[in-house]
Amino acid sequence: MNAKYLPLLATIVVFSALFITGGILYNNFFSTLVLGDILADNAFIIIAAIGTTFVILSGGIDLSIGSMIGFVGVVMANLDVVGWHPLASAGMMLCFGLAFGALQGLIIDFCEIQPFIVTLAGLFLLRGSCFMINLDSVPIRHPFVASFAEASIPLPGGGFLASSAIVMLIALAAAIVMAHFTRFGANIYAIGGDRVSAALMGVPMRRTTVSIYALGGFYSALGGVIYALYTSSGYPLAGTGNELSAIASVVLGGTVLTGGVGMVAGTLFGGMILGLIATLINFNGSLNGAWIMISGGVLLFLFIVMQRSLLSSFRLRGVG
Amino acid sequence: MWPLIALAVILAVDGFISPGFFHVRVVEGRLFGNVIDILYRAMPTALVALGMAIVIGTKGIDLSVGSVIAIVGAVITWRIHAGDPHFVILLIALGVGILCGLWNGFLVAVLDIQPIIATLILMVSGRGIGLMINLLYGGTNPSFTSPLLQGLSVGHIGLIPTRLILGAAIFGALWLLIRRTALGLFLESVGGNSAAADLAGINARLIKFAAYLICALCAAWAGVVLAADTHTSDPVSVGLYIELDAILAVVIGGGSLAGGRIYLGMTVLGALVIQALTTSILTSGLPPEYNLVVKAVVVIIVLLLQSENLRNALYARLGGRKR
Amino acid sequence: MLGVSKAFPGVRALERVDFRVEAGEVHALLGENGAGKSTLIKIMTGALRGDEGEIRIDGRPVEIGAPGEARALGIGTVYQEVNLIPTMSVTKNLTLGRQPRRFGLIAWRAARNRARERLKRLNIDIDVERPLGSYSVAIQQLVAIARALEEDTRVLVLDEPTASLDANETELLFRIMRDFKLRGIAMVFITHFIDQVYQIADRISVLRNGRLVGSAATADLPPLKLISLMLGRELERTEERVAAAAPAARGQPILLAEGVGRRRLMEPFDLSIRAGEVVGLAGLLGSGRTEVAKLIFGAVRSDSGRLSVGGVPVTSRSPGRSLRLGMAFCPEDRKAEGLFGELTVRENIVLGLQTKRGWLRRLSHDEQEELAQKMIKALGIATPDADKPVGQLSGGNQQKVVLARALVSDPRILILDEPTRGIDVGAHADVVALIRSLCAQGLALLVASSELDELVAVSDRIAVLRDRRKIGEIAEREITRENVIRTIAGAKA
């Protein structure tokens with residue numbers, strides 16, 4: 001029981017430590033206002049990262065996340081211009097995300113091409129399509145967007161849980177249920193843990209692989225929807241580099257990049273850590289974006305080394 | 001084989017769409033033209049792709065090359081402002097590349113971390129390091145002037161742009177290193193079957209180290225050229241996504257991400273194919289936004305063709321017989 | 001299973017093998033690596049399809065196309081590698097694919113109970129929530145057995161279940177197996193431990209080179225006969241024992257190992273080889289033949305003893321170092337450890353000399369071509385040219401390439417592990433002739449082999465191994481099949 005939760009615990013500890021440090025360094029930092037803001041700002045990428053967690057848990061990777069976010073926003077903005085209700089276009093984009101992801105998964109499994117390359121092509125395809133549709137940002141003017149932005153749940157302490165954060169938490173809950181309470185989830189962990197054994201144990205490989213990438217695509221699309229509603233625009237460059245942040249969130253959340261170990265809940269905290277670091281640096285003002293990147297790298301390094309030693313210790317014990 | 005055909009097809013289509021595509025003229029004592037342009041712009045990517053091909057041959061990958069370029073750019077700007085002789089700065093830049101290579105090599109060969117994860121660390125933090133260096137000398141304007149670097153970037157020796165000669169020289173050096181010593185054979189063995197390589201007496205650890213060193217050095221050279229192009233240090237956007245282009249070039253050139261054969265020449269062709277695509281789109285009048293999509297489609301087609309399963313399924317369908 | 005055959009590219013894995021097991025019976029299946037056991041089991045459990053033959057359950061013919069189908073027919077399998085997921089908990093491993101559900105979601109409490117129940121049937125009581133990988137291999141194996149044993153399991157296939165178990169754990173397993181016998185479950189027990197076969201099996205079948213060479217009730221098959229069946233060769237031709245060069249002319253040993261060993265791998269042993277001498281390593285599967293070879297070559301680090309080559313003590317050992325000292329090694333598993341499938345024949349061969357020279361002094365293309373051609377001719381490697389990827393050659397020719405690589409470095413000590421596995425008769429004779437001529441020129445040879453007849457025919461001395469220990473040496477005139485077999489069988493702890 002213990003060893004399994006260790007990475008998640010470590011993430012939560014780091015997050016809390018950072019939050020408390022912020023509270024010590026700055027006035028008004030340690031408050032639900034700041035927390036709510038971090039959640040709202042980063043909701044879209046945490047949602048996408050949750051989807052990526054599934055992919056990484058199975059031992060794969062998805063580089064097309066960021067481009068999907070941009071693509072979804074651009075399409076929604078253009079549909080808004082033509083008169084579609086944002087919810088309708090959102091629904092359509094979610095289906096698209098599902099289908100696109102499934103296609104990637106199919107190519108990965110059937111053609112036996114590495115996920116890195118296939119999703120890389122997906123990245124180019126989606127990003128390129130963004131540019132083909134729009135070169136500039138296009139606003140979404142439907143009144144729904146405004147009401148969506150205003151909807152929020154007040155938190156004790158003066159903070160707010162914005163609608164984007166609420167959606168994210170619901171998506172997270174669904175993901176947790178899927179990962180830990182369905183056969184599908186168990187199959188994902190099995191494939192990531194030991195691909196050969198999983199096949200021998202009867203896990204349906206093709207169906208599961210396609211579903212995993214479809215799920216990832218769905219969540220990326222959802223992230224794109226939230227981003228579009230949050231910024232009330234479709235921006236072709238949206239999401240650039242987000243695949244990296246998503247992967248970093250997943251790793252910081254305790255999931256091992258080789259798969260099989262990790263929890264979806266951890267990704268929430270992993271994403272929050274990245275958001276916290278950015279906020280801390282903004283509060284400071286004298287530091288600049290460079291520190292975000294460097295600290296991200298250092299944290300990643302520490303987590304990777306920790307994960308390695310954890311994994312090797314509990315694999316070695318089993319081997320006679 | 002395929003890269004050559006692909007390149008030929010692209011160029012043929014170009015010639016068809018825009019007559020005069022292949023027209024080469026001499027301006028200011030230097031060759032100019034679309035074809036030259038392709039070679040010119042592809043050079044940094046080709047350099048990075050060469051290093052990447054070597055690393056991929058050992059069944060590894062290096063995602064940090066873009067960050068290495070960023071760091072090198074920042075270091076060059078810093079030292080120029082500090083007044084070092086420019087030739088020495090060149091050496092310092094390469095030294096930085098070696099340091100990065102040693103770091104990656106250490107993580108992969110000694111700590112035994114998976115290459116995609118190990119190089120991710122430098123990829124995430126490298127550009128931040130570049131930004132940090134930009135801050136170090138306190139100026140807000142990181143641009144510089146350097147006749148040496150200017151020469152490398154846009155100069156020419158005789159009719160040929162200097163950078164092409166530089167590129168050819170580096171390619172030649174790599175070729176000598178890989179094919180005229182046994183290093184190439186050892187690299188391919190380690191990537192092909194590392195257990196057998198150990199038994200055959202090859203020091204797999206050292207070979208992997210060497211691969212990451214070479215890759216970072218190539219990236220450093222590309223960083224020098226790119227910094228020279230822009231006369232400035234821009235760690236955030238210089239060489240953005242170049243690692244992806246490099247990996248694509250290697251794959252188009254026939255290399256497999258699962259390790260094995262290193263195709264130096266074909267990789268360069270792969271880089272040319274990618275650049276040719278971009279240039280073709282520009283000259284054909286299609287909006288440049290189409291670039292990425294076309295790139296993606298071409299890559300997908302190449303990959304699908306390289307996939308055995310798909311080929312078999314297609315033959316079965318078309319030939320009507322079961323395999 | 002009746003008349004089952006299966007061929008892979010270049011190799012006939014199974015040749016019309018019959019195999020039957022009754023309810024409540026433990027049927028042991030024995031054979032060296034490459035004899036066809038795994039292939040037979042894979043066909044039985046649906047991981048592979050046979051080319052010929054049929055499978056019947058309760059007399060009815062069945063088709064088994066996938067692991068799931070075997071499962072559905074009541075065949076449970078426990079693989080040698082404990083093919084479970086070490087990162088998942090015991091509960092999750094036991095219930096994967098069959099988790100109890102409530103309203104579509106997994107009911108973990110019920111799953112945990114089911115897991116505990118299953119394990120209780122095997123008399124095990126452990127914390128089912130801990131990751132499987134945190135338990136010893138013995139426990140992992142028992143969990144694998146628990147998983148393989150469903151309500152409706154009729155046949156249980158156990159592939160080398162005792163390979164990583166100690167005496168107590170093995171006894172526990174046997175107790176469980178005897179209980180299964182009473183419940184009417186048929187068991188197929190694959191192992192290489194002869195003692196255990198006599199402890200638990202009712203019937204024994206021996207596979208050799210893809211053929212069934214013997215099948216009888218345990219009571220009708222005494223150890224001597226069994227060992228003889230396992231180490232014998234299917235060919236009628238018996239090799240004449242050829243007297244080697246006069247021993248007196250050889251002098252000091254060119255290789256001397258004293259007390260070399262490695263904990264949990266091989267008990268410390270002494271071994272000496274003189275120039276021009278052929279020393280054979282005989283023993284059953286698992287006796288330590290490969291381990292001795294690898295320890296001497298330095299592919300595996302020893303933690304005790306000393307080694308000296310040509311009278312000079314060797315301190316740090318690695319394959320590279322051994323190569324430079326004049327040793328060469330041909331591994332047993334050519335696919336996993338010997339060949340570089342994508343590289344050409346020429347490159348594979350030349351690598352043997354290149355690693356000795358280091359990376360700077362590359363052999364020119366002409367030199368490489370010359371070496372490759374020389375070897376191709378000397379060993380009779382069937383390939384249209386030297387630039388074919390070695391992965392495309394037949395098994396026998398691949399083995400020759402491995403040998404060629406070892407010989408190309410002009411070694412003074414050559415270590416061969418199963419050199420004739422998968423080689424056809426004609427190629428085999430070529431290889432033996434070549435080696436003999438090399439020995440005449442002073443090459444020292446260490447051969448580990450399961451082909452006892454060959455060892456007997458070419459060796460000047462045979463070191464006999466058993467259960468990871470060297471139990472004796474037989475020299476010169478004493479070398480006969482019977483003596484070796486007797487030594488193996490006789491030395492019971």
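**Figure 1. Where chain C meets chain A.** In this contact, 26 residues come from chain C and 27 residues from chain A. As in every view here, the model is predicted. On the side of chain C that touches chain A, at least two residues each are supplied by α2 (67-72), β8 (105-106) and α5 (137-148) of chain C. The largest share, three residues, belongs to α2(C).

**Figure 2. Where chain B meets chain A.** Here 30 residues of chain B are in contact with 35 residues of chain A. Four helices of chain B, namely α5 (115-136), α11 (242-252), α13 (290-306) and α14 (308-319), each give at least two residues to the side that touches chain A. Look to α5(B) for the biggest contribution to this side of chain B: eleven residues. The side of chain B that touches chain A has 21 nonpolar, six polar and three charged residues.

Figure 3. Zooming in on B:Cys215, and setting aside its neighbours within four places in sequence, you will find it in contact with B:Gly51, B:Met52, B:Ile54, B:Val55, B:Asp62, B:Val65 and B:Gly101.

**Figure 4. Helix α10 of chain A.** This helix covers residues 205-231, 27 residues in total. From its first C-alpha to its last, α10(A) reaches 39 Å, close to the 39 Å expected at 1.5 Å a residue. Because 22 of its 27 residues are buried, α10(A) is largely enclosed by the rest of the structure.

**Figure 5. Chain C on its own.** Chain C contains 17 helices and 22 strands. Its radius of gyration is 25 Å, close to the 23 Å that the globule rule gives for 493 residues, so chain C is as compact as a globular protein of that length. Taken along the principal axes, the C-alpha atoms of chain C fill a box of roughly 75 × 50 × 45 Å. Of the 493 residues in chain C, 49% are buried. Among contacts in chain C between residues at least 6 apart in sequence, 69% link residues at least 24 apart.

Note on methods: Residues numbered from 1 in each chain as written. Chains lettered and ligands numbered in written order. Predicted model: local features only at pLDDT ≥ 70, side-chain atom pairs only at ≥ 80, totals over all residues. Contact = placed C-beta atoms within 7 Å. Expected span 1.5 Å × (residues − 1). Buried ≥ 20, exposed ≤ 12 C-beta atoms within 10 Å, placed from the backbone. Nonpolar A, V, L, I, M, F, W, Y, C, P; charged D, E, K, R; others polar. Rg over C-alpha atoms; globule rule 2.2 N^0.38 Å.
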